[in-house]
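I am opening a notebook on a structure that is new to me. I want to look up helix packing, aromatic rings and salt bridges.

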Amino acid sequence: MAAATIPDEEELARAGLRLDIDNGVATITLARPERRNAMTGRTWTTLAHVGHSLPASVRIAVIKGEGPSFSAGIDLGMFSPEGVEGERSLMGDFDGTPESRSALDEAIAGFQEGFLWLRRPDIVSVAAVHGHAIGAGFQLALSCDLRILAEDAQLCMKEPALGLVPDLTGTKPLVDAVGLNRAIELCLTARTISAAEARELRLAELVVDGAELDQTVDDLVAALLATPAAAAAATKGLLQQAAESSLHDQAAAERSAQIDRLADLAAQMRP
Ligand code: ACO
């Protein structure tokens, strides 16, 4: 199957996104600062399109926000009967019939694709978060492998307070990071988590002064790129399955991955 074409600037702009690909790094910028980078269904389907069309040379995806916030979450217009211009309202067409449930299920599955690819073993995803990361914005940061926060970052799982559930693949990484009890408390109070608390809760790998955020991310990216691509992908794959594997199965998976690595290295050494 031919690789999909990367969305062009116009398509990205309609989705409130910018994309720069340089030297193995795809930088995705949430670029609707006048709306605090509120995201729509189109943002997420376009993010999926980006993820599915990146050239194989891309090893790192950095997600960041333009303006004062990382992201204020879903564009609240998506819930209004008229919806957001050029997009389907999430409520407008919903009449509770099995057909409309199934159409909504399909639509949300398409949105989730925009978040799921960030876990791909061949890519390390990094969220550079400053200001608010609310609801879908917090879930986007949670979908990344690594989170670097500016000191002014404020995280909030707002969905339950709005009568909703977090449905953009954020519940699993949240529970994995903070544990079930804390995740229940954070979601069901919808309270705001400061950067300092996020670090304590293991929701941030690093917290830095806002002025140092870009440089810190650049340094992290350089360190990640210094590891050979195949070893990085195989190791990420192993780590991802470790929590759910038995020790016996994980040991077997390590052997199998190592044999592939050694075979590869041996092939490179042959004259
Ligand atoms: N959807 C649509 N528009 C938004 C959103 C949003 N989620 N967030 C901000 N905006 C708009 C505001 O309406 C405002 O528009 P205006 O200039 O036409 O009045 C503009 O962006 C700037 O927002 P302010 O509120 O003025 O900015 P401020 O910096 O004071 O506050 C904050 C930022 C805290 C993010 C605030 O805007 C906010 O609480 N937004 C809503 C957050 C929210 O509930 N998101 C949904 C979570 S649930 C989910 O994502 C599934």
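My entries follow, one topic at a time.

**Entry 1: the model**

I note at the start that this is a predicted model.

**Entry 2: two helices**

I looked up how helix H9 and helix H10 pack. H9 covers residues 229–242 and H10 covers residues 247–269. Their axes lie 11 Å apart, at an angle of about 175°. An angle over 145 degrees counts as roughly antiparallel, so H9 is roughly antiparallel to H10.

Which residues make the contact? From H9 I listed Ala230, Ala231, Ala234, Leu238, Gln241 and Ala242. From H10 I listed Gln250, Ala253, Glu254, Ala257, Arg261 and Asp264. I sorted the residues of this contact by type: seven are nonpolar, two polar and three charged.

**Entry 3: aromatic rings**

How many aromatic pairs does the whole structure hold? The search finds two.

I took Trp44 and Phe111 to begin with. Their ring centres are 5.4 Å apart and their planes meet at 65°, so I logged the pair as edge-to-face. Trp44 sits in helix H2 (residues 41–53) and Phe111 in helix H3 (residues 98–116). The two are 67 residues apart, so I wrote down a link between distant parts of the chain.

Then I turned to Trp44 and Phe115. This pair is tilted, with 5.9 Å from centre to centre and 55° between the planes. Phe115 also lies in helix H3, 71 residues from Trp44.

Phe111 is buried at 10%, and Phe115 is buried at 0%. Ring pairs join Trp44, Phe111 and Phe115 into a cluster.

**Entry 4: salt bridges**

I found 12 salt bridges in the structure. I looked at some of them.

Asp75 pairs with Arg32, and their closest N and O atoms are 2.9 Å apart. Asp75 is in the loop between strand E3 and H3, and Arg32 is in the loop between strand E2 and H2, so the bridge ties together parts 43 residues apart in sequence. Asp75 counts as buried, at 9% relative accessibility.

Asp122 and Arg120 meet at 2.9 Å, N to O. Asp122 is partly exposed at 37%, and Arg120 is partly exposed at 24%.

Glu244 bridges to Lys172 at 3.0 Å. Glu244 lies in the loop between H9 and H10, and Lys172 in helix H5 (residues 171–178), so this pair joins parts 72 residues apart in sequence. Glu244 is exposed at 68%, whereas Lys172 is partly exposed at 46%.

My last item is a network of salt bridges that links Arg182, Glu185, Arg191 and Glu197.

Methods:
Residues are numbered from 1 along each chain as its sequence is written. This is a predicted model: local features need pLDDT of at least 70, side-chain atom pairs count only at pLDDT 80 or more; totals for chains, interfaces and linings use all residues. Side-chain values use heavy atoms; hydrogens and water are left out. Axes are lines fitted to C-alpha atoms, for helices over the stretch in contact, and angles run from 0 to 180 degrees between N-to-C directions. Helices (H or I, at least four residues) and strands (E, at least two) are DSSP runs, numbered from the N terminus. Angles under 35 degrees count as roughly parallel, over 145 as roughly antiparallel, 65 to 115 as roughly perpendicular and the rest as oblique. Contact means heavy atoms within 4.5 Å. Ala, Val, Leu, Ile, Met, Phe, Trp, Tyr, Cys and Pro count as nonpolar, Asp, Glu, Lys and Arg as charged, and the others, Gly among them, as polar. Rings of Phe, Tyr and Trp (its six-membered ring) pair if their centres lie within 6.5 Å; planes under 30 degrees apart count as stacked, over 60 as edge-to-face and the rest as tilted. Buried means under 20% relative accessible area, exposed over 50%, partly exposed in between (1.4 Å probe, protein chains only). A salt bridge is a side-chain nitrogen of Lys or Arg within 4 Å of a carboxyl oxygen of Asp or Glu.
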